[in-house]
Amino acid sequence: MKIIEVQDQVQGGRAAFEILADKVKRGAQVLGLATGSSPIALYQEMVRSDLDLSQLVSVNLDEYAGLSPKDPQSYHIFMQTHLFQYKSFKTSYLPDGKADDLTQACKDYDRILAEHPIDLQVLGLGRNGHIGFNEPGTPFESKTHVVDLAASTIAANARFFENEAAVPRRAVSVGLASIMVAKTILLIAYGAEKAEALAAALAGPVTESLPASILQRHPDLYVIADRAALAVYRNRG
Ligand code: GLP
């Protein structure tokens, strides 16, 4: 595990971009992408750069159930807004949250993942230790699945919606087993509200009640975080 402490999100975006650009130059073909505020600075660096992504495939982690790809709150639109409208990939996949049969949609997504092994997976971190939308209690061996969002996740994500009642209650998420097969993982976390979860993820017991703790078992994990997010981890250390 390599921890890169940064001053702020701008520096974090640059550090994350350096790692990503290096992997692309060394032949990475498939990028696993995430939503949330944490990867935005990385996406801005990608947009500003002349890195050619047109021959690469991107596979996103998750999508809200019930939102169409055109819904402004969907992760489809999030990715369009922050990255895809400026930089297009050969193909970009996101789970279909609007599928009539979500179970089938999960199986279809697993096939996509099997066909496109992820070279570099970008991850944010939920305040409750989730990665993707893998909430506490998700089995480590999980593949793509339908998730009942935790009350704390609904509350945390309400800031992106008109109010808490408007936040979808379910989502489709790539599973923990699928995240772990990525060759390299880049976990990004900023701010004091992530400090407990980050400390537990990096140095707590490896347990399904803190999904991100599975990352301790990954052979090539980079962590990009600011001082506030690393505070509890450092104090325990
Ligand atoms: C959502 C996403 C996660 C993301 C998390 C943290 O729940 N599904 O993939 O990591 O939010 O978001 P933020 O980076 O805005 O704190």
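User: Why is Ser68 called partly exposed?

Analyst: Ser68 has a relative accessible area of 25%. Buried means under 20% and exposed means over 50%, with partly exposed in between (1.4 Å probe, protein chains only). The value for Ser68 falls in between, so Ser68 is partly exposed. Before we go on, a word on the basis: this is a predicted model, where local features need pLDDT of at least 70, side-chain atom pairs count only at pLDDT 80 or more, and totals for chains, interfaces and linings use all residues. Residues are numbered from 1 along each chain as its sequence is written, and side-chain values use heavy atoms, with hydrogens and water left out.

User: Where is Ser68 found?

Analyst: Ser68 is in the loop between strand S4 (62–64) and helix H3 (75–84). Helices (H or I, at least four residues) and strands (E, at least two) are DSSP runs, numbered from the N terminus. From Ser68 to Asp96 there are 28 residues along the chain, and their C-alpha atoms are separated by 8.0 Å.

User: Why does Gly36 count as partly exposed?

Analyst: Gly36 has 22% relative accessibility, so Gly36 counts as partly exposed. Its place is the loop between strand S2 (30–33) and helix H2 (40–48).

User: What makes His130 buried?

Analyst: The relative accessible area of His130 is 11%, so His130 is buried. This residue lies in the loop between strand S6 (120–123) and strand S7 (145–148).

User: Which side chains make a polar contact with the side chain of His130?

Analyst: The side chain of Glu135 does, at 3.0 Å, and so does that of Thr153, at 3.3 Å. A polar contact is a pair of N or O atoms within 3.5 Å; within protein, one must be able to donate a hydrogen and the other to accept it, and residues adjacent in sequence count only if both atoms are side-chain atoms.

User: How do you know that Ser213 is buried?

Analyst: Ser213 has a relative accessible area of 0%, so Ser213 is buried. In the loop between helix H7 (195–203) and strand S10 (221–226), a polar side-chain atom of Ser213 lies 2.6 Å from the backbone oxygen of Leu210.

User: Which residues come nearest to the ligand?

Analyst: There are 14 residues around the ligand, and Ser37, Ser38, Asp62, His130 and Lys194 come nearest. A residue is near a molecule or strand if one of its heavy atoms lies within 4 Å of it.

User: What are the distances from polar side-chain atoms of Ser37 and Lys194 to an oxygen atom of the ligand?

Analyst: For Ser37 the distance is 2.7 Å, and for Lys194 it is 2.5 Å. On the nitrogen side, an N or O atom in the side chain of Asp62 is 2.8 Å from a nitrogen atom of the ligand.

User: What makes up the shell around the ligand, by class?

Analyst: The shell has 3 nonpolar, 8 polar and 3 charged residues. Ala, Val, Leu, Ile, Met, Phe, Trp, Tyr, Cys and Pro count as nonpolar, Asp, Glu, Lys and Arg as charged, and the others, Gly among them, as polar.
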